[in-house]
Amino acid sequence: MTLHSDPSVAPDARSFVDVATDSPFPIQNLPFGAARLSNDRERVVSRIGSWIIDLAALDAAGHFADTPAAGKALFDLPSLNRFSAAGRPTWRAVRSRLAALLAADAPTLRDDETLRAAVLHDSTNVTMLMPMEIGDYTDFYSSREHATNVGTMFRDPENALLPNWLHLPVGYHGRASSVVLDGTPVRRPRGQTIPADADAPVFGPSRLLDFELEMGFFTGPGNALGEPIPVDQADAHILGLVLVNDWSARDIQKWEYVPLGPFNAKNFATTISPWVITLDALAPFREAGPVQDPKPLPYLQESDAWSLDIQLEVALRTETMRGEGHVIARSNARHLYWNIRQQLAHHTITGCNTRPGDLMASGTISGPTPDSRGSMLELAWRGTQPLSLPGGEERRFLADGDEVILRGWCEGDGYRIGFGEARGIVLPALEG
Ligand code: MN
């Protein structure tokens with residue numbers, strides 16, 4: 001077997017493993033994650049169809065011996081940090097080897113029942129884990145439509161974008177400790193809010209709880225303190241992307257955010273999806289981004305196309321609904337004005353160092369149409385246009401018992417690169 005130099009798996013490639021045509025995880029995807037297997041081992045894994053692939057078992061059987069992963073002990077671990085630190089040549093070699101081993105005409109794994117039993121695990125018997133031990137989390141604000149909508153509602157429609165917005169990817173340093181995995185319930189936070197026309201704040205449960213539809217990327221090899229990552233090299237420092245729900249308490253945010261930005265309004269929970277979809281899997285879905293006018297400063301300029309065509313949706317499942325919920329927003333990652341390479345270049349231009357497994361989120365991804373708005377704040381326009389749901393319910397913000405489900409996928413020619421889901425159900429606030 002030789003290693004492929006082309007990082008993407010051919011659109012017509014097929015596996016000997018049965019994969020449903022609408023599966024998010026065909027042989028073209030091969031994402032990375034961490035999981036507790038039915039034998040209680042915590043491992044670095046990949047996925048095809050409904051099967052979890054134990055990379056440590058493949059490594060132990062010598063299948064990465066001729067790759068840059070050899071001898072590095074990257075897989076018998078409960079998170080992707082060490083694998084992420086190993087860098088792009090390793091990520092590519094491992095993914096290429098997986099594609100080769102899983103190909104329909106490849107007998108090595110297909111015809112070896114013992115190896116197959118060690119390597120392939122039914123996903124229904126596997127518990128996904130946080131893919132990374134996240135050191136630092138940063139949240140950007142890179143959707144022009146979202147920034148314009150929020151600026152229009154909270155400040156001035158005539159000057160909705162602040163003067164810096166078109167010159168730099170605005171962001172803030174978030175809270176890594178409260179990033180949680182898909183399926184983790186989220187308790188409604190309590191905090192300070194200021195009633196309309198009141199002189200003093202009150203304490204209690206947030207009444208304006210919201211979600212934010214975002215995507216995030218995980219950093220690979222870091223940069224040394226003092227050494228920025230150039231924009232044209234930034235993709236070599238990015239393992240891949242996940243879905244992100246940046247839960248937000250709008251009433252707490254409104255009172256606290258001047259002058260230093262969000263604090264309690266966003267530090268109680270951020271939900272991510274479990275599978276890291278690699279930039280190599282996403283390569284066929286790269287496209288030219290929006291025209292940036294005014295032209296960014298040289299350190300943010302790039303020659304290449306780095307927008308990503310990733311379809312996104314938000315479903316809301318209230319306590320009275322059954323099934324998979326009701327889709328309340330459809331958006332696309334291509335609506336982002338600042339792309340992931342520009343975000344990382346800007347983040348590090350001061351010399352700020354990043355480490356393997358840092359999470360950087362995009363900011364709410366809103367599109368140009370009312371149904372593509374990525375938060376309840378925008379969908380219900382600050383509560384003035386309540387959302388009507390099937391069954392007669394209405395929502396201005398999230399209610400206790402509501403489940404928010406983010407989904408994302410790239411539509412290929414005869415296959416789909418899926419992100420899976422990021423779910424979270426709202427629990428009532430603590431009493432008192
Ligand atoms: Mn956000």
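This is a predicted model: local features need pLDDT of at least 70, side-chain atom pairs count only at pLDDT 80 or more; totals for chains, interfaces and linings use all residues.
How many positive and how many negative side chains does the protein have, and how far apart do the centres of the two sets lie? Counting Lys and Arg as positive and Asp and Glu as negative, with His and the chain ends not counted, the protein has 38 positive and 54 negative side chains, and the two centres lie 2 Å apart; the place of a charge is taken as NZ of Lys, CZ of Arg, CG of Asp or CD of Glu.

Residues are numbered from 1 along each chain as its sequence is written, and side-chain values use heavy atoms, with hydrogens and water left out.

Let us turn to the metal site. The manganese ion is coordinated by Asp 139 (OD), Glu 212 (OE), Glu 214 (OE) and Asp 246 (OD), at 2.1 to 2.3 Å, where donors are N, O and S atoms within 2.8 Å of the metal (3.2 Å for Na, K and Ca), and water is not among the atoms, so sites may look incomplete. Along the chain these donors follow the spacing D-x72-E-x1-E-x31-D. Distant parts of the chain are linked here, since Asp 139 sits in strand S6 (residues 137–140) and Glu 214 in strand S13 (residues 213–219), 75 residues apart; strands are DSSP runs (E, at least two residues), numbered from the N terminus. Both Asp 139 and Glu 214 are buried, meaning under 20% relative accessible area with a 1.4 Å probe, protein chains only.

In the protein as a whole, buried residues make up 54% of the 432 residues, and the C-alpha trace spans about 70 × 50 × 40 Å along its principal axes.

How values were computed:
Buried means under 20% relative accessible area, exposed over 50%, partly exposed in between (1.4 Å probe, protein chains only). Helices (H or I, at least four residues) and strands (E, at least two) are DSSP runs, numbered from the N terminus.
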